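Reader: I'd like a close look at how the chains in this model touch one another. Could you walk me through that part, and then show me what one of the chains looks like inside?

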Amino acid sequence: MLMFHLASRSSLPPYAQLVEQVRQALLTGILRPGDRLPTVKEVAGALAVNPNTVSKAYRDLEREGLVEGRQGVGTFVVRRPDGPPPMVQAQLAKGLNTWIGKARTAGLSDPDIESMLRSTLRASRDEAIA
Amino acid sequence: MTAAVQVAGLGKRYGKKWALQDATFDLPAGRVCGLVGANGAGKTTLLRMLAGLSKPTAGSAIVEGRVPGDEVDFLSEVGYLAQEVPLYVRWTAEDHLRMGAALNPGWDDKGARDRLESLGIPFDQRVGTLSGGQRAQVALAIALSKKPSVLLLDEPVAALDPLARRDFLSTLTEAVADTDLTVILSTHLVSDLERVCDHLVVLDAAHTMLAEGVDEVMATHRLLTAARRDIRDLERDHTVLRVEQTPRQVSVWVKLEGPVHDPLWQVSELGLEDIVLAYLDRGRRAAGRATLQEVTA
Amino acid sequence: MSWLLWRQHRLQGAVAAGVLAALGILLWVTGVSMAHTYSTAMSVCRANNTCGELNLFQGDGALVALVNFTVLVPVLVGVFWGATIVGRELDAGTNQLVWTQSVTRRSWLRSKILLLLVSSTAVGAILSGLVTWWSGTLNSYHHERFEGLKFDIQGAVPVAYTLFAAALGLAAGVLWRRTLPAIATTAAGFFVVRLVVENFARPHFLHTITSTGAIGAGPNAPLGSWLLSTTVVLNGDVVQGAIKLPVSCAGAATRAGASKCLADLGYSEVSTYHPPSQYWTFQLTEAAIFLGLTAILTLVAVVALKRQDA
């Protein structure tokens with residue numbers, strides 16, 4: 001069964017963290033199609049988090065088609081997210097590691113790297129929308 | 001859908017002093033509402049009026065369609081937990097459950113026992129000898145087991161250690177998941193707000209400063225930064241909560257009433273804690289007391 | 001509600017029952033023995049005409065003192081039951097717990113007050129019953145039941161005092177919302193009211209009787225009266241201070257002779273008293289006063305609590 005956690009200093013709101021953790025679990029194979037997700041009540045109690053937050057996360061996942069809620073039984077994983085298989089993920093991670101090494105050598109601190117990543121992401125997202 | 005709690009211009013005066021003034025908000029059912037305000041802003045006064053323990057001097061309150069008062073119909077719908085966590089210290093947890101069963105028609109005895117057992121709270125020990133966290137859990141179990149529609153909690157976790165606090169909030173969120181419970185929870189701990197609450201009411205001594213769902217709050221409040229400049233346009237178009245200026249830069253905490261047209265403003269999101277602090281600071285300034293210092297560099 | 005009352009007050013009830021039972025046993029055993037002693041002594045002295053010199057119960061000082069101490073029971077009820085039954089809840093804040101269950105404040109208060117008044121009546125009545133029965137012998141012997149302390153611990157008034165003290169404690173608890181000031185107010189208030197009524201009101205419940213007679217010729221008031229005052233009068237004028245036996249009467253051989261000598265000189269004794277026939281009127285009047293105060297105080301408590309914030 002999947003264990004959730006909430007990072008108190010994350011830039012993501014709680015429900016987005018839950019969605020992300022489910023997606024990651026699916027990508028890495030911890031969760032597989034057919035598995036049952038913990039109930040809203042179980043997650044709310046385990047994390048001391050508002051049940052609506054959990055419901056919202058599950059609804060988001062349902063909208064993406066990753067999970068399916070069955071009345072009276074629970075919420076079940078339907079399929080893996082569209083994304084690269086673990087192999088490709090590992091390759092991308094390796095490439096990122098190399099880049100980070102270069103950035104550090106150039107004199108960027110970790111916080112600089114993070115904010116560069118974030119603003120670049122945002123800019124590319126805005127470009128994509130425009 | 002009618003709101004579970006409707007408060008309009010509610011106020012309470014003791015002698016010449018107003019402990020609460022002009023509180024106005026509607027709370028939809030099923031929400032967990034965080035009630036925030038400086039000390040003396042009237043949070044306890046508000047909760048006691050909603051619980052029917054004291055009578056308003058001004059304004060009105062409706063809870064689950066009823067005016068709070070000394071009626072069985074009302075009392076069985078509303079649960080209340082006072083800040084001091086009052087319990088009969090010479091009684092055991094068992095005694096308290098029997099009291100609950102004797103005094104409440106809709107008492108869920110099994111639920112109460114299951115809850116206390118799963119927390120490892122002994123039934124036969126005097127509650128005066130239990131830890132603060134355990135006492136709070138016993139009091140919460142009593143309030144929940146009468147199966148109210150609305151639960152009012154006055155700073156229930158303020159005096160608890162972090163672990164006890166987490167346990168208390170877990171019990172609460174589980175109960176909310178189970179039923180359609182509406183909760184109003186007054187607190188100083190803004191970090192708890194973000195996890196547990198999906199509605200926010202910020203009070204200051206003179207009025208209600210904010211009463212909205214947490215999602216809306218997060219969506220409409222932003223931090224705008226730019227090189228030092230005139231902010232009058234901002235003040236005209238939006239609600240400015242707080243301004244910090246250095247010779248080079250100005251930072252403005254705003255509640256947006258529309259889009260920001262001026263591209264010179266860099267817009268960033270705010271965490272709930274910062275939003276709440278901005279309101280509380282604004283309230284303090286409005287009351288004419290000492291403010292957070294303007295940062296000069 | 002009945003479970004709540006039992007759980008909260010069972011210890012107090014047990015203590016009261018225990019104390020009354022112990023007292024009851026003591027008084028029953030000693031009372032039977034004293035009655036027997038007295039009736040035996042009376043039949044003997046009647047036969048020998050020595051009843052005027054009877055000297056019984058000399059060694060029972062401690063017992064008599066204990067019975068006299070029961071005059072404190074009403075104020076103890078007021079302090080331990082009255083002042084705490086609501087006052088302690090307000091002090092500890094547990095009213096916020098119990099008034100947010102599904103029982104209304106009104107019915108909670110009603111039940112508490114009913115319990116207080118019924119149990120105070122029971123304590124007062126049982127105590128008075130025991131003490132009045134036990135005092136029967138001493139009443140026949142000393143004819144003292146109309147006087148002071150003896151009046152206070154027998155008949156109807158102990159019940160009324162207990163109810164009054166309980167209601168006083170109740171009102172004090174509601175008004176102070178703190179146990180200690182409530183206890184202090186109850187004790188002080190009780191003593192003050194009792195003293196005022198006993199000393200300033202009681203003598204005036206009914207008309208007094210005044211009778212004049214010779215000094216030293218025996219009591220001018222019938223046995224069992226409440227003697228308010230005795231003054232010595234010489235030819236119509238009141239004599240202040242101590243009376244010295246005049247020289248001319250010093251040679252009188254007997255008490256009766258001295259008495260006649262004084263009477264010849266113009267001395268007489270004026271007694272103002274309430275006759276024993278008035279005893280029960282006095283008991284019921286004083287009881288009625290304190291029951292009236294009980295009702296007023298109870299009403300004050302109810303109204304005050306209703307108007308307070310919780």
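**Who touches whom**

Author: Chain A and chain C make no contact with each other, and their closest C-alpha atoms lie 25 Å apart. Keep in mind that this is a predicted model. Two pairs of chains do touch, and the one with the most contacts is chains B and C.

Let's take that pair, B and C. Here 32 residues of chain B are in contact with 22 residues of chain C. Together they bury about 2,400 Å², with carbon and sulfur atoms giving 53% of that area. Three salt bridges turn up across this interface. For a salt bridge between these two chains, look at D309(C) and K12(B), whose closest N and O atoms are 3.4 Å apart.

Now for chains A and B. On this side, 13 residues of chain A meet 16 residues of chain B. The buried area is about 1,200 Å², and 48% of it is on carbon and sulfur atoms.

Helix α1 (residues 2–48) and helix α6 (residues 105–142) of chain C pack with their axes 9 Å apart, at an angle of about 10 degrees. Angles under 35 degrees count as roughly parallel, and α1(C) and α6(C) are therefore roughly parallel to each other. The residues in the contact of α1(C) with α6(C) divide into 21 nonpolar, eight polar and one charged.

Chain C also has an open sheet of four strands, in the order β1-β4-β2-β3, with antiparallel pairing. Its edges are β1 (209–213) and β3 (237–239) of chain C, and each has a single partner strand, so one side of each is left without a neighbour in the sheet. On average, and ignoring direction, neighbouring strands in this sheet are turned by 40 degrees against each other. To see a pairing up close, follow strand β2 (residues 226–234) of chain C, which runs antiparallel to β3(C) and is joined to it by three bridges. There you'll find V233(C) standing opposite V238(C) in β3(C).

Note on methods: Residues numbered from 1 in each chain as written. Chains lettered and ligands numbered in written order. Predicted model: local features only at pLDDT ≥ 70, side-chain atom pairs only at ≥ 80, totals over all residues. Heavy atoms only, no water. Axes fitted to C-alpha atoms, helices over the stretch in contact; angles between N-to-C directions. Helix = DSSP H or I, 4+ residues; strand = E, 2+ residues; numbered from the N terminus. Parallel < 35°, antiparallel > 145°, perpendicular 65-115°, else oblique. Nonpolar A, V, L, I, M, F, W, Y, C, P; charged D, E, K, R; others polar. Pairing = 2+ DSSP bridges. Contact = heavy atoms within 4.5 Å. Buried area = accessible area lost by both parts, 1.4 Å probe. Salt bridge = Lys/Arg side-chain N within 4 Å of Asp/Glu carboxyl O.
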